[in-house]
Amino acid sequence: MKKLFPVIFLFFFLPLHAVDAKELSQKEIFDKRMHLYKSTEATTGVPWYYIAAVDQFERSIRYVRKDLPKPDDITGYYVPPKHWAGPLNPFEDDSNPLTITFFNGIGIDGNGDGRADRSNGKDLLYTMATYLSQYGVNDQAFRIAIWDYYKRDQTVRSIMTNAQVYRKFKRIDLDEKAFPIPKGYNYTYKNTWGDRRGWGGRRIHEGTDIFAGYGAPVRAVAYGVVELKGWNKYGGWRVGIRDLNNTYHYYAHLNGFSKELKIGDIVAPGQIIGSVGSSGYGPPGTSGKFPPHLHFGMYKDNGKNEWSFDPYPHLRLWEQQERIRRNKK
Ligand SMILES: [Zn+2]
């Protein structure tokens, strides 16, 4: 009998536990999210890509902020308890729609169960969409709504980026990445993060240098929107592109830009944005002060401030992933 007990124990408890702990595949997560966005659009009239844009921004900052809880799989939108229940509400976790309204909280019951639950995805997104719908449902109205909510320019830009990319591609599973230099061109790079630089005083090298020949194509690494394009005395001709994870990709020392590329353009991974050069270290047009290479930098924004991080491991990963995709074909 003693021997049997663990077997019985496993028999009764393991299957249940296994179901509870079952992790959703990435595809299931995207499907569930999209379903939630679309159903919120159906009940509020707010386009799904606006709802998805705010939700994705909130998700992206929660991964890099210590003062916010990590997001769950489905919804990223986070409302602080006091904001949800009302600043003077004595019950921070109040879920009664009547008292929440009385105390000027924003929480609304979105799934019709009579409770405004701050941890329920439907209630959260319905609350967000109801707020947005008060402003109207076009880009200009949406921009004002998110400005009033966040009061920060970069946050407005980041959320607009998400909305534009989602609207254009009509889906949210846009995680694919590309290595900046395409197959067939010789290039070399090593980890140069934090090295001292030769020009412009004591600056630390914030990026990875990918050495390649003049004119080798430079490609966007992710889905995103062109946020910056032009000359800088250090970076020469450079482009900045923000992706859906609120990561900013910086491409510098370009020989030139691809035709018609302009600020505000929506790009996809692998899309050519310019070519390798040696521009920079002087006034506009300066070139040839160092061997041609792409300086590639990555910057993270957490909704409060921005910092650079080492792109080297990411470049390695994207290079590898592309090779695997190519071999599958
Ligand atoms: Zn560099």
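Over residues 204-302, what percentage of the chain is helix, what percentage is strand, and how far apart are the end C-alpha atoms?

Analyst: This is a predicted model, in which local features need pLDDT of at least 70 and side-chain atom pairs count only at pLDDT 80 or more, while totals for chains, interfaces and linings use all residues. Residues are numbered from 1 along each chain as its sequence is written.

Residues 204-302 are 0% helix and 53% strand, with 22 Å between the end C-alpha atoms; helices (H or I, at least four residues) and strands (E, at least two) are DSSP runs, numbered from the N terminus. An unreviewed UniProt entry annotates residues 204-302 as "domain: M23ase beta-sheet core"; such annotations, given in the numbering used here with shortened feature names, may be inferred rather than shown by experiment.

The protein is divided into domain 1 (23-169) and domain 2 (187-328), with bounds from an automatic or database domain assignment. Taken over C-alpha atoms, the centres of the two domains are 33 Å apart. Their contact involves 15 residues of domain 1 and 13 residues of domain 2, where contact means that C-beta atoms, placed from the backbone, lie within 7 Å. On the domain 1 side, helix H3 (48-62) and H8 each contribute at least two residues, and H8 gives the largest share, nine residues. That side of domain 1 comprises four nonpolar, eight polar and three charged residues; Ala, Val, Leu, Ile, Met, Phe, Trp, Tyr, Cys and Pro count as nonpolar, Asp, Glu, Lys and Arg as charged, and the others, Gly among them, as polar.

The packing of H3 and H8 may be taken next. Their axes lie 8 Å apart at an angle of about 135°, which means that H3 is oblique to H8. Axes are lines fitted to C-alpha atoms, for helices over the stretch in contact, and angles run from 0 to 180 degrees between N-to-C directions; angles under 35 degrees count as roughly parallel, over 145 as roughly antiparallel, 65 to 115 as roughly perpendicular and the rest as oblique. The contact of H3 with H8 has nine nonpolar, three polar and one charged residues.

H8 (residues 153-169) also packs with helix H7 (residues 139-150), at about 140° and with axes 9 Å apart, so H7 is oblique to H8. This crossing is right-handed. Phe-142, Arg-143, Ile-146, Trp-147 and Tyr-150 of H7 meet Thr-155, Val-156, Ile-159, Met-160 and Ala-163 of H8, giving eight nonpolar, one polar and one charged residues.

H3 in turn meets helix H6 (residues 121-133), their axes coming within 10 Å and crossing at roughly 115°, again in a right-handed crossing. Tyr-50, Ile-51, Val-54 and Asp-55 of H3 are in contact with Leu-125, Met-128, Ala-129 and Leu-132 of H6. Seven of these residues are nonpolar, none polar and one charged.

How values were computed: Left-handed = near helix turned anticlockwise from the far one by under 90°. Contact = placed C-beta atoms within 7 Å.
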